[in-house]
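Student: I'd like to learn how to read a fold and its surface. Can you walk me through one?

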Amino acid sequence: MAEDRVGWGSAERSEIDNHANNGSWTLVDRSDVPSDRAIVRLIWVYKRKRSGALKARLCVQGCAQVHGVDYDQTFCATMRPTSLRSLATIANSTGMNMRRWDFVAAYLQGDLETNEV
């Protein structure tokens with residue numbers, strides 16, 4: 001259990017570093033937040049991968065957000081099952097190999113325009 005504590009701490013540090021390296025947030029002082037706006041809370045989500053690796057994700061509590069105030073768009077880049085089956089069929093018929101990738105912090109890579117936040 002003690003080694004898990006160190007592992008989870010390392011996973012959290014990695015997540016914080018990913019956010020810092022990608023510039024996905026700017027820390028602000030509470031006094032700079034307008035009085036009519038609420039600070040949205042963050043939660044940690046922990047997962048032990050099949051490989052045994054520990055993964056920590058820092059997530060916004062979405063249920064505390066108000067559409068049109070805190071956000072106006074949602075997006076998640078995923079592949080539809082029919083697209084995956086089509087791709088697998090093409091790969092199989094042409095003798096190609098398919099591989100799986102796990103992109104660390106891929107969700108941090110999107111660029112938002114100034115007024116999209």
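Predicted model: local features only at pLDDT ≥ 70, side-chain atom pairs only at ≥ 80, totals over all residues.

Student: Which pattern does the protein follow along the sequence?

Tutor: Helices (H or I, at least four residues) and strands (E, at least two) are DSSP runs, numbered from the N terminus. Here the order is α-β-β-α, with two helices and two strands.

Student: How many bridges join strand 1 to strand 2?

Tutor: Strands pair if DSSP finds at least two bridges between them. Strand 1 (residues 42–48) and strand 2 run antiparallel and share seven. R48 sits opposite L54 of strand 2. In their hairpin, with five residues between the strands, G52 has a positive phi near 100°.

Student: Is strand 2 mostly covered or open?

Tutor: Buried means under 20% relative accessible area, exposed over 50%, partly exposed in between (1.4 Å probe, protein chains only). Strand 2 is mostly covered, with five of its seven residues buried. Across the protein's 117 residues, buried ones make up 13%.

Student: Why does V60 count as partly exposed?

Tutor: V60, in strand 2 (residues 54–60), counts as partly exposed because its relative accessibility is 42%.

Note on methods: Residues numbered from 1 in each chain as written. Heavy atoms only, no water.
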